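Reader: I have not looked at this one before, and I would like to go through it slowly. Could you show it to me?

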Amino acid sequence: ELEYGADLTIGPALEEGFYYDCYLGERNLHDDDKQRLVKRMQSSVKERQDFERVVITKEEAKNMFSENKFKLEMIEAFPDSEVISCYRCGPMVDMCTGPHVPHTGVLKAVGVNSLSRAFWRADVNREPLQRVYGITFPDDKELKSY
């Protein structure tokens with residue numbers, strides 16, 4: 001299991017899988033971290049963690065994400081009247097428009113395709129991020145075929 005936390009930034013779904021950018025300070029992820037990430041994902045799948053949609057105000061979002069400067073920067077750009085959609089899954093809560101599968105148990109087979117570097121807001125003068133590309137399938141056979 002990974003012993004350190006991360007400041008989450010963005011994590012969109014893609015045509016093929018998804019990625020998540022996170023800020024780890026001076027630390028970098030390496031290929032030998034892939035299996036630990038997969039094990040953590042598999043643990044979440046086994047726990048069948050529900051995806052719960054929560055709608056909050058801009059002020060509530062600022063309080064909820066007060067320790068994450070990346071989320072605060074995103075929130076500040078929203079109009080004051082913005083209603084913000086978040087999803088709770090196990091111990092994690094993040095801003096997201098959704099929708100999601102009902103729970104992590106639906107995913108069954110998970111994988112980490114690659115790890116790369118990115119920069120906040122695609123600006124090389126901003127904070128370095130770690131990008132984790134992942135994929136999920138409803139069964140191991142499809143993942144292995146992929």
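Predicted model: local features only at pLDDT ≥ 70, side-chain atom pairs only at ≥ 80, totals over all residues.

Reader: Let's begin on the inside. How many residues does the largest nonpolar core have, and which of them have the most contacts inside it?

Author: The largest nonpolar core has 13 residues, and those with the most contacts inside it are I56, I75, I84, C86 and M95. Strand 4 (51-57), helix 3 (69-76) and strand 5 (83-89) each supply at least two residues of this core, and helix 3 gives the most, with three residues.

Reader: Let me pick out M95, then. What does M95 touch, leaving out residues up to four places away in sequence?

Author: With those left out, M95 touches F65, K71, M74, I75, F78, I84, S85 and C86. Apart from the core we have been discussing lies another one, of 11 residues, and among them are L37, V45, L115 and V132.

Reader: Changing topic, I noticed Q130. Where is Q130 found, and is it buried or exposed?

Author: Q130 is found in strand 8, which covers residues 128-137. Its relative accessibility is 5%, so Q130 counts as buried, the cut-off being under 20%.

Reader: Which side chain does Q130 join in a polar contact, and what else is Q130 in contact with?

Author: The side chain of Q130 is joined to that of N28 by a polar contact of 2.9 Å. If neighbours within four places in sequence are set aside, Q130 is in contact with Y20, D21, C22, L24, R27, N28, L29 and S116.

Reader: Now the rings. How many aromatic pairs does a search of the whole structure find?

Author: The search finds four aromatic pairs. One of them is formed by F70 and W120, with 5.1 Å centre to centre and 70 degrees between the planes, an edge-to-face arrangement. This pair links distant parts of the chain, 50 residues apart, with F70 in helix 3 and W120 in the loop between strand 7 (109-119) and strand 8.

Reader: Are F70 and W120 buried or exposed?

Author: F70 is buried, with a relative accessible area of 1%, and W120, at 4% relative accessibility, counts as buried too.

Reader: What about the rings of F137 and Y146?

Author: Their centres are 5.5 Å apart and their planes are at 45 degrees, so the pair is tilted. F137 counts as buried at 16% relative accessibility, whereas Y146 is partly exposed, with a relative accessible area of 44%.

Reader: Which residues do ring pairs link into a cluster?

Author: Ring pairs link Y23, F70 and W120 into a cluster. The ring of Y23 also has the charged end of K69 sitting over it, 5.9 Å from its centre.

Reader: And which residue lies over the face of Y19?

Author: That is R131, at 3.9 Å from the ring centre. The side chain of R131 also meets that of D21 in a salt bridge, at 2.6 Å from N to O.

Reader: How many salt bridges does the structure hold?

Author: The structure holds 12 salt bridges. Among them is one in which the side chains of D80 and K58 meet at 3.2 Å, N to O. Here D80 is in the loop between helix 3 and strand 5, while K58 is in helix 2 (residues 58-64), 22 residues apart.

Reader: Are D80 and K58 buried or exposed?

Author: D80 counts as exposed, at 68% relative accessibility, whereas K58 counts as buried, at 5%.

Reader: Staying with helix 2, how are K62 and E59 placed?

Author: Both lie in helix 2, three residues apart, which is about one turn of the helix. K62 is partly exposed, with a relative accessible area of 22%, and E59 counts as partly exposed at 48%.

Definitions and conventions: Residues numbered from 1 in each chain as written. Heavy atoms only, no water. Core = buried A, V, L, I, M, F, W, Y, C linked by side-chain atoms within 4.5 Å. Buried < 20%, exposed > 50% of the residue type's maximum accessible area, 1.4 Å probe, protein only. Helix = DSSP H or I, 4+ residues; strand = E, 2+ residues; numbered from the N terminus. Contact = heavy atoms within 4.5 Å. Polar contact = N/O pair within 3.5 Å; in protein donor to acceptor, adjacent residues only side chain to side chain. Phe/Tyr/Trp six-rings, centres within 6.5 Å; stacked < 30°, edge-to-face > 60°. Lys NZ or Arg CZ within 6 Å of the ring centre and 35° of its normal. Salt bridge = Lys/Arg side-chain N within 4 Å of Asp/Glu carboxyl O.
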